[in-house]
Amino acid sequence: MLPVRMKFLQLLSRKAEKLEMLFQIPFYQNQLPHVCLATSTCLYSKKKKNNSYEHVDQEKYKNLVYSVTSHKTSAQTPETILEEDNLLYGPPDKHSLQVKAETRLPKNWVPLVNPNKRISHLSSDSNLPMKIALQRTKVPSVTRILQQTISPLQAFYLERWKQKMILELGKDGFAEYTKKLFLQGELFHAALESIFLSEETTTKEQRENAVISGYLSSVEHVLEDIDEVKALESAVQHESLQYLGLVDCVAKYRGQLCVIDWKTSEKPKPFLKDTFDNPLQVAAYIGAINHDANYDFQVRCGLIVVAYKDGSPAHPHFMGPDLCSQYWKKWLLRLEEYMDKN
């Protein structure tokens, strides 16, 4: 019997493939269920990973926990990041942020008020306000500098608003909308200039213009506090820092000589912070006037007046000397940033 078995194995060994099949088939048939069982047992026998979110107060942070655990990736925006930060860490410490911002100083410090400027106390022959035409030069304007140094967050919100408006109005509709806003601003400024110059005929026609009548009604209570107008729509240039701009108005507001900036808005802006970069613009104009030889006076205060199309009372935002000095420092930092870029 043994020799027969030996011969059988010898025959199979000559054909390796058949020998392999002989041993593999019964093995798979018998072991396959055990292999699956072994694999399954191996997986379930591993120590279960601890979920770090199990120990979080899920009721308190319900929305945040759901957003983290239910999505592998998510489209983050500054708004969602701020919301998550507020949930996790609470509101930001405004005081500490302000202290950190104040530690940064301009490299090229120039005072807001010019100590070397001589003020003439001789009365001018003409009572008309100064009106110097803006010359087209290579010197950058205040508006251009602020636009090119806008913060990423402000740029994001501005672009989002623009895309939203384009979605609602279309590209042509949005272009027409911005054109109308620009025209309204021009007409409003022209009407104010007529009022200050006492051009009664022109002012009456402008007050009846439906486009700007609401804005003029809005600023009536502010105009009562303004007198001694020294400049209207007049160009200014800072001689040492080399930037220029067009000042809306320089006049006394409640006894304080101010650079006055007229703004129009469709939404209420009851606080100075709602005017974004406008305080920096006013500070830049104050500094330019004080360092411009064409002006025989110096200014230490500012006023931003936000007028509304529906005629609701305008919001006047007065900036005293201390506040103007703070925004002057911020303006110098923005100016340095612009110069570094260009």
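Guide: Welcome! Buried means under 20% relative accessible area, exposed means over 50%, and partly exposed is in between, with a 1.4 Å probe and protein chains only. This is a predicted model, where local features need pLDDT of at least 70, side-chain atom pairs count only at pLDDT 80 or more, and totals for chains, interfaces and linings use all residues. Residues are numbered from 1 along each chain as its sequence is written, and side-chain values use heavy atoms, leaving out hydrogens and water.

Visitor: What makes Arg254 and Asp225 a salt bridge?

Guide: A salt bridge needs a side-chain nitrogen of Lys or Arg within 4 Å of a carboxyl oxygen of Asp or Glu. The closest N and O atoms of Arg254 and Asp225 are 3.2 Å apart, so the pair qualifies. Arg254 itself counts as exposed, at 60% relative accessibility.

Visitor: How many salt bridges does a search of the whole structure find?

Guide: The search finds six. One of them joins Glu193 and Lys131, at 3.2 Å from N to O.

Visitor: Why is Glu193 called buried, and why is Lys131 called exposed?

Guide: Glu193 has a relative accessible area of 17%, so it falls on the buried side. Lys131 has 51%, and is therefore exposed.
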